[in-house]
Each structure stands twice: as structure tokens, then as C-alpha cells.
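I opened this notebook to record what I looked up in the structure.

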Amino acid sequence: MLVLLAIVLLGVSAIILAGVAAWLRNSERLENKWFLLFAVFLGVWAVCNYIDSNTIFSPKTTALFATFDFVLAPFIGYSFLRFTTYIIYNPGKRVQRMLDVVTSARMQVVLFGSTALAAALALFGQVFTPITREASLVLELHWGMIPYSIPVVATPTLGIVLLMTAYKNSSHSDRRRLSFILLGFAGATITNVLTNLVFPVFIESRSVIGVLNVLGYLGIFFVAFCIYLAITMRKLFDLRVAIIRSLMYALLLATVTALYIGAVFLAGYILLDNGNGVSIPQLMVSSGVALFVAMTFQYLQRSFNRTTKRIFFRDSYEVQDVLNRLSDVTTNTIEVNELMKNASGLLTQTVKSTFCNFILVEGGKVRRSAEFMHVSLPSEQLYQQLQPLLSPRQPVITEVLGLMPPAPLLRKHGIEVVIPLYTKDTLMGFMVFGSKQNGMAFQQQDIQMLSLAGTALSVAIQNALRFEEISRFNETLQQKVEDATRKLRASNNKLRQLDATKDDFISMASHQLRTPLTSIKGYVSMVIEGDAGKISSMQRKLLTQAFISSQRMVYLISDLLNVSRLRTGKFIIETTPVNLAAVVQDEVKQLSETAAGRELELIYSKPEHFPTYLLDETKMRQVIMNFIDNAIYYTPSGGSIKVSLVERPQAIEFTVTDTGIGVPKNEQHHLFSKFYRAPNAKRARPDGTGLGLFMAKKVIVAQGGSVVFRSRENKGSTFGFLFSKEHLTQQAQDKNER
């Protein structure tokens with residue numbers, strides 16, 4: 001019985017230590033967290049099960065631990081199910097659908113709720129009542145056994161189904177990992193069926209059955225150990241180290257336990273009597289034994305460490321020795337390629353990796369790629385995907401990334417570790433290491449050594465690059481650079497003068513044209529309104545077209561003046577209270593005849609109630625007219641143009657949607673540039689300037705708004721603007737405070 005107790009305690013300690021070790025190695029992974037919970041639940045349950053199934057304890061004690069036994073069982077199945085949902089790394093479509101169902105919020109409420117309900121039924125005596133018969137515990141089952149059994153059986157069964165389905169649809173490496181878990185549960189199922197169903201039927205001796213119960217506990221320990229191996233196969237830490245360290249500590253614990261039990265029994269047999277009380281000699285002997293165990297524990301631990309290191313860690317190395325040899329390489333080599341080649345050979349030999357390559361960057365682009373071991377890598381693609389991860393100056397470990405980018409690209413090219421090379425605050429490149437030749441994972445010692453080597457190599461490579469640059473340049477080249485710089489400065493000054501002359505000309509011409517155009521527009525307006533006498537309908541139509549053309553010319557001149565003001569820093573937004581609904585209606589009214597003349601349907605429904613906001617009315621009229629005018633000229637006859645002004649909860653939005661020629665997709669990113677016009681727009685309207693949309697965007701953005709633009713070639717376009725109410729309100733408050 002004592003041997004069985006020692007096995008149970010040893011196994012429980014190993015299970016919980018395995019969960020803690022997995023969690024400590026990578027506390028961020030959810031599968032490690034759930035394995036820790038599973039291990040704790042399983043270990044505590046095993047202790048409770050051992051106590052409630054042995055007659056050496058009092059009936060009251062066995063009844064109490066039987067309750068704990070039943071309370072813990074549902075949580076074992078639930079924690080195992082949650083663990084399985086995270087240990088499946090590359091699910092197929094079928095498995096992913098199953099995982100989506102199992103991990104959905106509704107299903108989690110059902111699963112955890114049924115688990116908690118089952119535990120509550122057991123805790124409050126609705127599953128069984130303990131009865132003592134002939135000095136042994138008998139459980140009298142109640143109605144609660146049925147709802148209790150459902151989650152206890154369903155959750156682990158669902159986890160096994162997920163694992164088996166994933167096993168059928170997984171790659172070879174994933175199958176090996178999942179097969180360990182399935183093997184562990186198969187072993188646990190077989191041993192527990194034998195100990196709980198087969199042996200009690202064919203063996204009458206209760207003492208023999210009690211001894212054989214050790215198989216059931218061994219099966220429980222076996223499933224936990226198999227899950228532990230499955231996690232280590234993911235290379236969260238070194239499999240060999242994990243197994244050896246686990247065996248070492250298990251052997252150490254067994255040795256200390258055996259020494260303690262043997263010492264206690266030997267001392268009790270020789271020195272102590274059979275009295276019921278605790279005498280001073282007994283207390284002294286127990287204290288002496290405890291002191292002996294405490295004093296010898298560290299010695300035994302060091303002995304086991306030395307033995308395992310001498311036998312199993314022959315490939316170990318001294319970090320300082322490697323750094324000393326690397327220092328010799330950096331001091332004796334000044335040529336960049338030779339330096340990287342020698343360093344690559346040294347580091348590859350030390351950590352036993354399949355390759356070590358260097359990628360140097362500068363100005364956001366790959367400057368040089370030094371590839372050895374006949375390995376070719378997509379340097380530019382690697383750099384673009386790794387750049388966000390290299391900024392913290394921490395090594396990038398492929399397996400730690402899981403399924404996050406750029407893990408798929410790294411795995412594709414066999415890259416296990418990436419070490420950034422920094423000089424002060426500048427990333428100058430990085431080293432990439434392939435997987436180890438022996439198939440093991442990179443250990444913490446490897447990562448630390450490579451990080452230190454990367455720091456030393458960063459300085460050495462930078463010095464070598466500087467020496468290379470100095471060697472390449474000479475006095476003649478420097479003179480040519482100065483000559484080219486002088487010519488460039490002269491050309492730049494000339495361009496500035498031409499640009500200033502152009503701006504002066506545009507400003508002068510615009511001012512000179514504005515006055516006569518304003519007069520023409522005013523006189524035409526007076527004639528249309530009948531101030532010069534009655535006119536015919538035909539005359540009115542022609543004069544209206546002349547008035548619209550004059551207005552368009554005024555807007556064009558305003559655009560030219562605004563472009564000039566932007567160049568000289570004199571572009572000013574002058575805000576006044578504006579009712580956009582009325583402004584849009586005025587512009588639609590002015591352009592309605594032009595739209596009708598082109599056989600287009602111009603639609604606008606003015607909002608009944610629209611608030612007033614602080615905006616530059618003149619410039620906003622110009623923007624609105626430009627959007628509607630473009631829609632009219634770029635929409636073929638028979639089309640329609642819909643003008644919309646909408647007040648939303650958080651913003652106001654104005655849009656002009658047409659059924660016109662649209663903007664080609666590959667031209668859209670140029671559309672709001674100065675003087676730019678798409679090819680199809682030039683064919684439809686040769687006299688355009690390309691300033692309307694440019695200035696419209698400037699006006700909208702200058703007032704805190706954003707441009708609305710959507711278009712499909714030959715399907716139509718939508719132009720407009722969007723203003724946040726919060727911004728407009730804040731702008732009005734700021735103006736009032738001023």
C-alpha cells in the first residue's frame with residue numbers, strides 16, 4: 001500500500017510539474033495554459049481517487065474525498081476539450097467548421113454551464129450518498145447521476161472526436177503530434193477499463209485488486225505525459241531537454257522519497273516503541289531525518305545534473321569561448337563578404353544549424369545579401385515581412401510566432417531564428433538561421449549567444465562597410481560630385497525663378513481677366529432679368545448659356561488664383577454661417593438647363609431642415625459646382641445625375657453620383673493631382689484644365705473634411721465630401737472664443 005501511495009504521489013507530482021513546466025516555457029500560448037489546468041485537475045483528482053478507494057482511511061475521510069473526486073471529474077473533461085481546440089494548429093475546412101461551433105460563445109456557455117452544474121450536483125449531494133458497509137465506503141446513486149454523466153462523458157469524447165478528425169486531415173508532422181495524445185488516451189482508457197470493470201469481475205481478492213489499481217493510475221500519468229510530449233514536439237522547448245530533465249527530477253524525487261521512507265522506518269524499527277503518543281525521541285528522530293533529507297537534497301540534485309550533462313549534453317558549448325573566437329574573426333578580417341563568410345561558418349558549426357545567411361539593409365531596402373551553404377532566399381520579401389518584428393531588437397523565433405505572419409514564409413525556406421543587427425538606433429540587417437542538423441529546437445542558450453554575436457557583428461560589419469566605401473571613393477570622384485552638385489544647384493535656382501515667374505504670370509493674368517469677366521457676367525444677368533427690355537425665349541436661352549460659361553470662367557480664374565495662393569502661402573479659408581442645402585439648390589438650379597440641353601436627368605431633393613455650419617461659402621460653391629459640372633460633361637446623353645445632401649448622426653455628406661464614363665482603375669490614384677486628367681476624360685472634354693478636382697480636395701481638406709470618391713470605368717462615378725459634425729462644432733466654438 002505504501003508503494004502504491006509513493007507511486008501515486010510521484011505521478012501526481014510529475015503531472016503537475018509537466019503542466020507548470022509547459023506554462024513557464026511559454027505562458028502566452030493558450031494550449032499551455034489549458035494544459036496546466038488539465039494537469040492540476042487530473043493530479044488532484046488522482047489523489048482524491050486514491051484516498052476514497054482505499055480502506056486504510058476513515059469512512060468520513062473517504063466520503064469527503066469521494067465528493068471531491070466527483071466534483072473535479074467534469075472540469076478534467078472540460079479543460080481537455082479546451083486544450084484540444086488550441087493544440088490543432090493547421091485545421092482543414094471540416095475541422096475548422098467543427099472548431100468554430102465548439103469555440104462559439106453560445107456553445108461555450110452550454111459546455112461550461114453543464115460542467116459547473118455537474119460539479120454543483122456532486123458537491124450538494126444530488127449525485128450520490130456515501131454509505132459505510134462493513135468498514136468500506138459504498139456510493140448510493142441518485143437522480144443527479146444522469147445529468148452529471150452527460151458533461152463528464154461528452155466533453156472528453158468531443159475532444160477525442162476533434163483530435164481524430166484533425167488527425168485524418170493533417171500533415172505528417174501534425175499527425176505525429178496528435179498521435180501522441182490519442183495514444184495516451186487509448187492507454188488510459190484500456191488500463192482504467194481493466195482496473196474498474198474487468199479485474200473486479202474475475203478477481204475476488206480485494207487486496208489484489210487494490211494492488212492492480214496501480215495500472216489505472218499509471219494510465220492517467222501516461223496520458224498526461226503523452227500530451228506533454230505533444231506540446232514539446234511543437235518545439236516550444238527542446239524535446240530532449242524536456243524529457244531528460246523530467247526523468248532526472250522524477251528520479252531525484254523518487255530517490256529522496258525512498259531515502260526518507262527508509263530512514264523513517266529504519267529509525268522507528270530500531271529506536272521507537274509502539275506507543276500511541278509522540279515522544280521526545282520520536283520527535284527528535286523525525287527532525288533528524290527531515291534535516292538529513294534537506295541537507296542531502298541539493299547534493300543529490302547537483303550529482304544528477306553533472307551526470308546528465310556529461311552523458312546527454314555533449315554538444316554543449318561555452319558562450320564566452322564562442323565570443324572569443326568570433327572576436328578573432330572580426331579583428332582579423334576587414335573585407336565585408338569574407339567577414340560574413342567566416343562568421344557564418346563559426347556560428348553554423350556552434351549551434352549546428354543547416355545554414356546561416358546575412359541580409360544587409362539600408363534606406364528601407366535590401367543593400368546586400370550574403371548567402372552561404374547554397375541556400376537562396378527572397379531577401380526583399382523577407383525584409384518587408386520581418387521589418388515590423390525587428391524594431392524591438394528582439395530575436396524572431398519562427399515557432400513562437402505560431403501561425404502569425406511571417407511564420408509561413410519563414411517555414412517555407414527552413415528559417416528557424418532571425419537575429420537583428422543594430423548599430424545604435426539603425427537596423428543595418430539581420431542574420432537568418434536554418435533548423436538544427438539534429439532536428440532539435442534552438443535552446444535559450446543558443447538565442448542568447450546569437451544575440452550577443454549579433455551585437456558584435458553589427459559593429460564589425462559597419463566598420464567593414466565604411467572601409468569599403470572609403471576605398472571606393474577617390475579625389476577625382478569627389479570632384480565630379482562637387483561639379484554635379486554645383487550644376488544641380490544652378491539648375492534648381494533657375495527652376496525656382498521660372499516657377500516664380502509662372503506664378504506671377506498666372507496671378508496677374510487671373511486678376512486682369514476677373515474684372516472684365518465679372519462685368520460681362522453682370523451685364524448678361526441684367527439682360528436676362530429684363531433690365532434692358534423684353535427678350536425672346538431663344539435670346540434668353542442663348543444668354544443663359546453665355547452666363548453659365550462666364551460663371552465657369554470665373555470659377556476657373558478662381559482656381560488659378562487659389563493655385564497661386566497655395567504656392568505663395570496666401571490660401572485662406574474665410575468661414576461664415578452657411579446653409580449647404582440652399583447653396584446646393586442654387587448650384588443645381590444654375591446647371592439644370594445645361595443638364596437638360598445634354599438630355600440628362602439632374603435629380604436633387606433639398607432637405608426640409610438642414611443646420612447651418614461655419615464654412616467658406618464661396619469656395620464651397622465652387623466645389624459643389626465643379627462636382628456637378630463634371631458629372632454633366634462626363635455623362636453621355638440619356639444618363640442621370642443624382643445630387644444628395646444627407647445629415648447623418650455623426651457627419652454631413654454631399655455626393656454627386658452619375659452614370660458617366662467613370663475613371664479607369666489604374667488612373668484613380670492620380671485623379672486629384674494638379675493639372676492631371678484621365679485619358680478618357682481628355683477625349684470626352686478636351687478643354688478641361690485638371691484644376692477643378694485638385695482645388696476641390698484642397699478646399700475640403702483645409703476645412704477639416706474628407707473627399708468621397710468611388711468610380712468604375714463605363715459605370716459611373718461618385719464625387720463628394722464628408723464633414724464631421726464634431727469638427728464643425730469645435731470649429732464654431734473656437735471662432736466664438738476668438
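Entry one, a helix. I looked up helix α4 (residues 93-102) and found Val95, Leu99 and Val102 buried, buried meaning under 20% relative accessible area and exposed over 50%, with a 1.4 Å probe and protein chains only. These three lie on the same side of α4, because they cover an arc of only 65° around the axis; the arc is that of the directions from the helix axis to the C-beta atoms. An α-helix has 3.6 residues a turn, so residues three or four places apart point the same way. On the face of α4 turned away from the buried side, I noted the exposed residues Lys93, Arg94 and Arg97. The cover over the buried residues of α4 includes α3 (59-87), α5 (105-123) and α6 (145-168).

Entry two, the sources. I note that this is a predicted model, in which local features need pLDDT of at least 70, side-chain atom pairs count only at pLDDT 80 or more, and totals for chains, interfaces and linings use all residues. Residues are numbered from 1 along each chain as its sequence is written, and side-chain values use heavy atoms, with hydrogens and water left out.

I recorded 24 helices and 14 strands, which are DSSP runs numbered from the N terminus (helices H or I, at least four residues; strands E, at least two). Of the 738 residues in the chain, 41% are buried.

Entry four, one residue. I found Leu24 in helix α1 (residues 2-25). Leu24 counts as exposed because its relative accessibility is 59%.

How values were computed:
Contact = heavy atoms within 4.5 Å.
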